[in-house]
Amino acid sequence: MPGKTDFLRHIVNKILAERKIPWQVGSDVRKFVGQAEDKYKFSIYGGDPSRLAEYLSSRDFDDVLSILRDSGLTRIAEEILENVINAYKEYPEVVEAARKRLEQLKGRVEAMPEPIAKLGEALSAAVPPGARVRRLEGRIIVEYGGATIEVVPEDTSYRVSYRVAGEERLSNAGEVVALVKKILNLLP
């Protein structure tokens, strides 16, 4: 009978409990998957398990992968996806989505939210006149005034590094405070 395995309860929770990962990491993963279950309705309990394919291909699942990868637990993400492939055979679209993510995690394919060329075009259209946008060895460099921004694709996200250098002469403390606030607003 199809739909015997629930993604959150029978795969994610089980693997997180068995592997004894840090409490906060497990809590964050469970929270994000629980929110996704509400959003995508892929639970076997009143939902449609085939919708798990949409979730596994989404930016919402990117968040779970980021939590695990940033904690050095990429193997846990791989194990979750391997379990999905084995448990959801009656849902070929779910198996395919899980396989694609597994290949991405193992570095077999380059996966980005947008192709680098498309991102380069979008950035070129968004920057002010006089800014320079160029592609260089699989990354994008944006230069304008004293700012340099480097965008590097990584797995299913982008790493954005930026540097701003400049100098101004200001006539009063109010201008100094305003400039410092403006600069600090640029920081994450």
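# Close-up views of a predicted model

**View 1. The loop at Lys41.** Lys41 is found in the loop between helix 2 and helix 3. The model is predicted. Lys41 is not a glycine, yet its phi is positive, at about 55 degrees. Most residues other than glycine have a negative phi. The relative accessible area of Lys41 is 47%, so Lys41 counts as partly exposed.

**View 2. The loop at Lys20.** A loop also lies between helix 1 and helix 2, and Lys20 sits in it. Phi of Lys20 is positive too, near 50 degrees, and this residue is likewise not a glycine. Is Lys20 buried or exposed? Its relative accessibility is 73%, so Lys20 counts as exposed.

**View 3. The whole protein chain.** Here the close-ups find their setting. The protein chain holds eight helices and four strands. Along the sequence the pattern reads α-α-α-α-α-α-α-β-β-β-β-α. The C-alpha trace spans about 75 × 35 × 30 Å along its principal axes. The radius of gyration is 22 Å, whereas a compact globule of 188 residues would have one near 16 Å. Of the 188 residues, 33% count as buried. The accessible surface comes to about 11,500 Å². Carbon and sulfur atoms hold 52% of that surface.

**View 4. Phe7 against Tyr55.** The model has six aromatic pairs. In one of them, the ring centres of Phe7 and Tyr55 lie 6.2 Å apart. Their planes meet at 70 degrees, so the pair is edge-to-face, a label that needs an angle over 60. Which parts of the chain does the pair link? Phe7 belongs to helix 1 (residues 7-19) and Tyr55 to helix 3 (residues 52-56). The two residues are 48 residues apart. Phe7 is buried, with a relative accessible area of 1%. Tyr55 is buried as well, at 0% relative accessibility.

**View 5. Tyr40 against Tyr55.** Tyr55 also forms an aromatic pair with Tyr40. The centres are 5.5 Å apart and the planes are 50 degrees apart, a tilted arrangement. Tyr40 lies in helix 2 (residues 23-40) and Tyr55 in helix 3, so the pair ties together parts 15 residues apart in sequence. Tyr40 has 6% relative accessibility and counts as buried.

**View 6. The aromatic cluster.** Which residues form one aromatic cluster? They are Phe7, Tyr40, Phe42, Tyr55 and Phe61. The pairs Phe7 with Tyr55 and Tyr40 with Tyr55 can both be found here.

**View 7. Arg101 and Asp62.** Side chains of opposite charge can pair when their charged atoms come close. The model has 14 salt bridges. One joins the side chains of Arg101 and Asp62, at 2.7 Å from N to O. Arg101 lies in helix 6 (residues 92-105) and Asp62 in helix 4 (residues 59-70). The pair links distant parts of the chain, 39 residues apart. How buried are the partners? Arg101 has a relative accessible area of 5% and is buried. Asp62 counts as buried at 11% relative accessibility.

**View 8. Arg134 and Glu143.** A salt bridge also forms between Arg134 and Glu143. Their closest N and O atoms are 3.4 Å apart. Arg134 is partly exposed, with a relative accessible area of 27%. Glu143 is partly exposed too, with 25%.

**View 9. Glu150 and Arg139.** The side chains of Glu150 and Arg139 meet in a salt bridge, 2.3 Å from N to O. Glu150 lies in strand 3 (residues 147-154) and Arg139 in strand 2 (residues 139-144), so the pair ties together parts 11 residues apart in sequence. Glu150 counts as buried, with 18% relative accessibility, because buried means under 20%. Arg139 counts as partly exposed, at 23%.

**View 10. A salt-bridge network.** Which residues do salt bridges with shared partners join into one network? The network consists of Lys14, Glu18, Arg19 and Glu79.

How values were computed: Residues numbered from 1 in each chain as written. Predicted model: local features only at pLDDT ≥ 70, side-chain atom pairs only at ≥ 80, totals over all residues. Heavy atoms only, no water. Phe/Tyr/Trp six-rings, centres within 6.5 Å; stacked < 30°, edge-to-face > 60°. Buried < 20%, exposed > 50% of the residue type's maximum accessible area, 1.4 Å probe, protein only. Salt bridge = Lys/Arg side-chain N within 4 Å of Asp/Glu carboxyl O. Rg over C-alpha atoms; globule rule 2.2 N^0.38 Å. Areas by Shrake-Rupley, 256 points an atom, 1.4 Å probe, with all protein chains shown as cover.
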